[in-house]
Amino acid sequence: MKDGLLPPSHGSELELGDEFLDLADAGPAPAQKSARPLRTDVYVSTDRHTKELSAISTRPTAAAHSGEVAEPGDFVTVEVAGIPLIVTRGQDNNVHAMHNICAHRGATVETRDAGSERVLSCPFHGWSYHLDGELRAVSDASAFSSTPCTREGLTPVHCEERHGIIWVTADHAAAPIKVGDWLGDKLDNLLTSLKLESMVLHAATIIDVNANWKLLTDGFLELYHFKYLHRNTVASYLAANMSRPLRFGEHLGNAIPKEGLLKDLADESREEWRVYDGTVIPVVLLPGTVINWDAGHLEVFSLRPNPKHPGQTLVRLWLAVPAEHADQTDLWNRTFASVLEVINEDFAAAEHVQRNIEVGVTEELLIGANEELLIEHMASVDQLVANHGG
Ligand code: FES
Ligand SMILES: [Fe+2]
């Protein structure tokens with residue numbers, strides 16, 4: 001079985017459709033491997049958490065949707081791996097990201113979540129910065145002119161707009177990684193062909209979850225829980241416990257057929273098959289961003305661990321929709337409400353697991369062969385931490 005997923009084309013539609021029909025015929029595959037333990041200390045250890053944050057800060061994280069900073073002057077403030085950042089769109093239409101920490105005495109330059117300004121002004125003593133973070137003016141500058149001053153502005157971090165998302169690498173000293181390289185050609189091509197870049201932002205929200213960020217990615221990596229945890233929501237329209245695992249290097253996910261798609265594949269001629277239009281594709285990007293392509297619309301979950309507590313994560317969620325259908329407001333409002341309903345089921349379960357791990361009597365979780373991607377994801381996080389010197 002291939003690991004990734006080809007961009008939609010007539011050939012790849014047929015291939016994926018055939019794979020789904022084979023999976024449906026075969027039923028659940030017998031376990032190839034025995035159940036394995038997953039240690040719990042990685043969800044509660046502050047030492048491990050610090051190392052993970054440090055590693056996360058060296059990789060791209062989804063900081064904003066392009067639609068949030070659509071016009072020159074638009075900005076949002078975010079915290080990634082515990083580092084406060086401002087993301088702006090400059091007068092040149094390029095996006096920029098820099099530490100939201102004043103070069104004078106360290107105040108927060110922009111305290112609002114979002115807005116639009118021609119210049120950024122620090123509220124403490126009035127130093128001002130251009131939209132790319134360059135120092136614009138020092139108030140009462142004569143007080144500073146006689147001392148050697150190397151402060152040049154707000155510290156820039158690597159920032160790139162790709163697939164309609166603004167990605168930042170929060171550690172200013174980290175070697176910049178191009179988002180296309182980080183995704184890998186296969187996944188990058190798939191996202192290009194799914195036309196993420198032309199999608200329009202419909203809604204965004206923030207969800208505060210009392211669980212480690214790795215427990216939140218798990219819900220996208222196994223379908224075992226669907227017919228129990230989501231019995232009243234998503235289970236009713238996804239094919240039962242059936243998916244094609246996806247591996248794009250260290251980024252992992254699933255291709256999941258909708259119930260209606262399997263019926264269409266059986267009823268329609270192969271020429272008519274529109275497989276991607278009936279498939280949900282969640283991909284967990286290492287580390288900390290999940291994209292969920294749901295048969296035409298896109299959900300992006302940016303997981304932002306609380307730097308002070310391994311058991312707390314702020315989740316920024318965006319819903320982006322095809323531009324040509326963006327005026328179907330009622331449809332997308334209903335979609336967003338149902339996304340929230342499902343994800344709140346996942347997050348509530350994760351909070352219970354976190355709380356029970358924190359009690360300290362459970363050293364290991366048990367992972368079945370049908371949850372294999374959880375083990376692989378944890379191995380990738382371990383590797384990331386180890387590569388970072390952890
Ligand atoms: S701390 Fe920002 S101007 Fe003084
Ligand atoms: Fe779930």
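1. Domain division. The protein chain falls into two domains: domain 1 covers 10–58 + 179–387, and domain 2 covers 61–169. These bounds come from an automatic or database domain assignment. The model is a predicted one, in which local features need pLDDT of at least 70 and side-chain atom pairs count only at pLDDT 80 or more, while totals for chains, interfaces and linings use all residues. Residues are numbered from 1 along each chain as its sequence is written, and chains are lettered from A and ligands numbered from 1 in the order in which they are written.

2. The contact between the domains. Taken over C-alpha atoms, the centres of domain 1 and domain 2 are separated by 32 Å. In domain 1, 21 residues are in contact with 17 residues of domain 2; two residues are in contact if their C-beta atoms, placed from the backbone, lie within 7 Å. On the side of domain 1 that touches domain 2, at least two residues each are supplied by α3 (46–56), α5 (179–183), β12 (200–209), β17 (297–305) and β18 (313–321). Helices (H or I, at least four residues) and strands (E, at least two) are DSSP runs, numbered from the N terminus. The residues on this side of domain 1 divide into 13 nonpolar, six polar and two charged. Here Ala, Val, Leu, Ile, Met, Phe, Trp, Tyr, Cys and Pro count as nonpolar, Asp, Glu, Lys and Arg as charged, and the others, Gly among them, as polar.

3. The nonpolar core. The largest nonpolar core comprises 94 residues, and those with the most contacts inside it are A63, L85, V87, A97, I166, V168 and L216. Such a core is a set of buried Ala, Val, Leu, Ile, Met, Phe, Trp, Tyr and Cys residues joined through C-beta atoms within 7 Å. A residue is buried if 20 or more other C-beta atoms lie within 10 Å of its own, exposed if 12 or fewer, and partly exposed in between, with C-beta atoms placed from the backbone. Helix α10 (residues 329–359) gives the most to this core, with six residues. The core lies between domain 1 and domain 2, because both give residues to it. Not counting residues up to four places away in sequence, A97 touches A63, L85, I86, V87, V157, C159 and V168.

4. Helix α1. The expected span is 1.5 Å times one less than the number of residues. L16, G17 and F20 are the buried residues of α1. They cover an arc of only 105 degrees around the axis, which puts them on the same side of α1; the arc is that of the directions from the helix axis to the C-beta atoms. The face turned away from the buried side of α1 carries the exposed residues G11, D22, D25 and A26. Among the elements covering the buried residues of α1 are β14 (251–257) and α9 (259–267). G27, whose phi is positive, near 70 degrees, follows α1.

5. Helix α11. Helix α11 (residues 372–387) has 16 residues and reaches 23 Å from its first C-alpha to its last, close to the 22 Å expected at 1.5 Å a residue. Its buried residues include L373, L374, H377 and V381. On the other side of α11, A379, A386 and N387 are exposed.

6. The loop residue A323. A323 is found in the loop between β18 and α10. This residue is exposed, with 11 other C-beta atoms within 10 Å. Leaving aside neighbours within four places in sequence, A323 is in contact with S198, M199 and V200.
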